[in-house]
Amino acid sequence: MTNLKVHHIGYLVKKIQQAIGEFQHLGYQTVSGVTHDHYRNIHICFMEKDGYQIELVSPADTESVVSGLLKKYKNSPYHICYETPDFDADFTSLVQEGYTAIDVPTPAPALDGRRVVFLMNPFLGMIELLETAAP
């Protein structure tokens, strides 16, 4: 799977607007506005600095898929997202190699509807797999 490319680092935040302001203070630029992902019930904003992109992720309410993570880890990075031009093959390969899918591939509204899936690995934690945009 040498074709996996780091797309962003997911960063849990309790209050997305305040987090945006603090990251801007550190020199980050917003790459997108705040998007509501209704599949996961979260708010997302992409920011960038020095060629690194982060995804701020905040629960929309207590039923959000990240509410429990936020209680456990507080404001912190929690996943690395890898982009791939061969989403289905790489997803299958990761599962065969021992990664556990914790959801099913679904469109990501903040990423132009491209499919994403989250997987867990006992030695490195959570990753996200993102399909490359169609040319």
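This is a short talk on one predicted protein chain and a few of its residues.

Hi everyone. The model is predicted, so local features need pLDDT of at least 70 and side-chain atom pairs count only at pLDDT 80 or more, while totals for chains, interfaces and linings use all residues. Residues are numbered from 1 along each chain as its sequence is written, and side-chain values use heavy atoms, with hydrogens and water left out.

Let's begin with the whole chain. It holds three helices and 10 strands. Helices (H or I, at least four residues) and strands (E, at least two) are DSSP runs, numbered from the N terminus. Reading from the N terminus, the order is β-α-β-β-β-β-α-β-α-β-β-β-β.

What is the radius of gyration of the chain? The value is 14 Å, which agrees with the figure near 14 Å for a compact globule of 135 residues. That radius is taken over C-alpha atoms, and the globule rule is 2.2 Å times the number of residues to the power 0.38. Along the principal axes, the C-alpha atoms fill a box of roughly 40 × 30 × 25 Å.

Now, the surface. The chain has an accessible surface of about 7600 Å², and carbon and sulfur atoms own 54% of that. These areas come from the Shrake-Rupley method with a 1.4 Å probe, and for residues only the protein chains shown count as cover. Of the 135 residues, 42% are buried. Buried means under 20% relative accessible area, exposed means over 50%, and partly exposed is in between (1.4 Å probe, protein chains only).

Next, contacts, meaning heavy atoms within 4.5 Å. Among contacts in the chain with a separation of 6 or more, 55% are between residues 24 or more positions apart.

And a word on charge. The chain has 10 positive and 16 negative charges, and their mean positions are 10 Å apart. Lys and Arg count as positive and Asp and Glu as negative, while His and the chain ends are not counted. Each charge is placed at NZ of Lys, CZ of Arg, CG of Asp or CD of Glu.

Let's zoom in on His 8, which you can find in strand E1, residues 5-12. Is His 8 buried or exposed? His 8 is buried, because its relative accessible area is 1%. Which side chains make polar contacts with the side chain of His 8? One is the side chain of His 79, at 3.4 Å, and another is that of Glu 128, at 3.1 Å. A polar contact here is a pair of N or O atoms within 3.5 Å; within protein, one must be able to donate a hydrogen and the other to accept it, and residues adjacent in sequence count only if both atoms are side-chain atoms. Leaving aside neighbours within four places in sequence, the contacts of His 8 include Phe 46, Ile 54 and Cys 81. Met 126 sits 118 residues along the chain from His 8, with 13 Å between their C-alpha atoms.

That brings us to Phe 46, in strand E4, residues 42-49. Phe 46 counts as buried because its relative accessibility is 4%. Not counting residues up to four places away in sequence, Phe 46 touches His 7, His 8, Val 31 and Leu 111, among others. Ser 32 is 14 residues from Phe 46 in sequence, and their C-alpha atoms are 5.4 Å apart.

Asn 41 is in the loop between strand E3 (35-37) and E4, and Asp 50 is in the loop between E4 and strand E5 (52-59). Neither is a glycine, yet phi is positive: about 60° for Asn 41 and near 55° for Asp 50. Asn 41 is buried at 17% relative accessible area, whereas Asp 50 is exposed at 65%.

Two more stops. Ser 67 lies in helix H2, residues 67-73, and is buried at 11%. A polar atom of the Ser 67 side chain lies 3.4 Å from the backbone oxygen of Thr 62. Beyond neighbours within four places in sequence, Ser 67 is in contact with Pro 59, Asp 61 and Thr 62.

Finally, Arg 114 is in strand E9, residues 114-121, and counts as buried at 12%. Leaving aside neighbours within four places, the contacts of Arg 114 include His 7, Glu 83 and Glu 131. Leu 70 is 44 residues away along the chain, and the C-alpha atoms of Arg 114 and Leu 70 are separated by 25 Å.
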